Amino acid sequence: MEKITQENFNQKYLDRIEVRQIDHFVCKEMGRQIHRYIKGMSGRKCIMEKFEETLSTLSELEKEEAIARYIDLNRKCISGLDFKVVLARAVANYCDTFDYMMAFINNSEKMQFYLDRILSKYIRFHKVFEKDGKFGIKDHEGEVLVSASYDFLRTCYTYVDDLVTMPIIAQKNGKMGLILPDRHDTVVADFIYDDISLRDEYPYFEAKKGRKRILLDDKGEIV
């Protein structure tokens, strides 16, 4: 039998049902935080309902990943968020008695384990990187989402509130276009525009070609 040590305790000897349930309640609380952010940002009930309707169709793991991607692209939604409070809410939902809850919260090693777990699940930020004077994008694990082939990137793709992945605004050879962060640099709108800017509502992009202004949707089609 393997000896119990400080290093292997969390991985081998935690209650797996407890871990699953804490994960579940943390996910619900993180969804609530996104709900509050959307409400405070836009005040539009339909946006909140669309976000929650989409989340309701996902598995627990898919919800965690979707919320993490949302946070990555809307980082203001966790501005000022205390993850200890998120965890405390999850613990309160999990525990049957007040005494059990207090013993849980006062277990500093267990709380740190779950705080680290929350951060690993939900803080997964992409990074813009440069290579030979060109720019690309990597995900939180260092995998290339967009190759370093562009003179300019509008940092990263945007999320609308139904969790649809939006194209990235990119510049190549002096012209602007739209691409997907799909590891294949799929072109959504050809590099023929003098400028492309992001709009707050559908259609999500406004392009300029000479003196002409053109509205583009998330598929790069002219609206």
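Modeller: Start with sheets. Strands of a sheet pair through backbone hydrogen bonds, either parallel or antiparallel. Here an open sheet of 3 strands runs in the order β1-β2-β3, with antiparallel pairing. Its edge strands are β1 and β3 (144-150), and each pairs on one side only. The twist averages 20° from one strand to the next. This is a predicted model, where local features need pLDDT of at least 70 and side-chain atom pairs count only at pLDDT 80 or more, while totals for chains, interfaces and linings use all residues. Residues are numbered from 1 along each chain as its sequence is written, and side-chain values use heavy atoms, with hydrogens and water left out.

Biologist: What are the rules for calling a strand, and for calling a pair?

Modeller: Strands (E, at least two residues) and helices (H or I, at least four) are DSSP runs, numbered from the N terminus. Two strands pair if DSSP finds at least two bridges between them. Take β2 and β3: they run antiparallel and are joined by 3 bridges.

Biologist: Which residue in β3 is the bridge partner of isoleucine 137?

Modeller: Valine 146.

Biologist: What order do the strands of the sheet with β8, β9 and β10 have?

Modeller: The order is β8-β9-β10, in an open sheet of 3 strands with antiparallel pairing. The edges are β8 (195-198) and β10 (212-216), each pairing on one side only. Neighbouring strands there are turned by 25° against each other on average, direction ignored. As for the angles, axes are lines fitted to C-alpha atoms, for helices over the stretch in contact, and angles run from 0 to 180 degrees between N-to-C directions.

Biologist: How many bridges join β8 to β9, and how many join β9 to β10?

Modeller: Antiparallel β8 and β9 share 4 bridges. They form a hairpin with 6 residues between them. Leucine 198 stands opposite phenylalanine 205 in β9. Strand β9 (residues 205-209) is joined to β10 by 5 bridges, again antiparallel. There, lysine 209 faces lysine 212 in β10.

Biologist: Now helices. What describes a packed pair?

Modeller: Two packed helices are described by the angle between their axes and the distance between the axes. Helix α5 (residues 83-94) packs on helix α7 (residues 108-122) at about 110°, with axes 10 Å apart. That makes α5 roughly perpendicular to α7. The classes are roughly parallel under 35 degrees, roughly antiparallel over 145, roughly perpendicular from 65 to 115, and oblique for the rest.

Biologist: Which residues meet between α5 and α7?

Modeller: From α5 come Phe83, Lys84, Leu87 and Val91; from α7 come Met111, Tyr114, Leu115, Ile118 and Leu119. By class, this contact has 8 nonpolar, no polar and 1 charged residues. Ala, Val, Leu, Ile, Met, Phe, Trp, Tyr, Cys and Pro count as nonpolar, Asp, Glu, Lys and Arg as charged, and the others, Gly among them, as polar. Contact means heavy atoms within 4.5 Å.

Biologist: Where is isoleucine 179, and what does it touch?

Modeller: Isoleucine 179 sits in strand β6 (residues 175-179). Its relative accessible area is 0%, so it is buried. Beyond four places in sequence, its contacts include Val146, Tyr150, Asp185 and Phe191.

Biologist: What about backbone angles?

Modeller: Most residues other than glycine have a negative phi, and most peptide bonds are trans. Aspartate 132 has a positive phi, near 55°. It lies in the loop between β1 (127-131) and β2 (134-138). Aspartate 185 also has a positive phi, of about 55°, in the loop between β6 and β7 (187-193).

Terms used:
Buried < 20%, exposed > 50% of the residue type's maximum accessible area, 1.4 Å probe, protein only.
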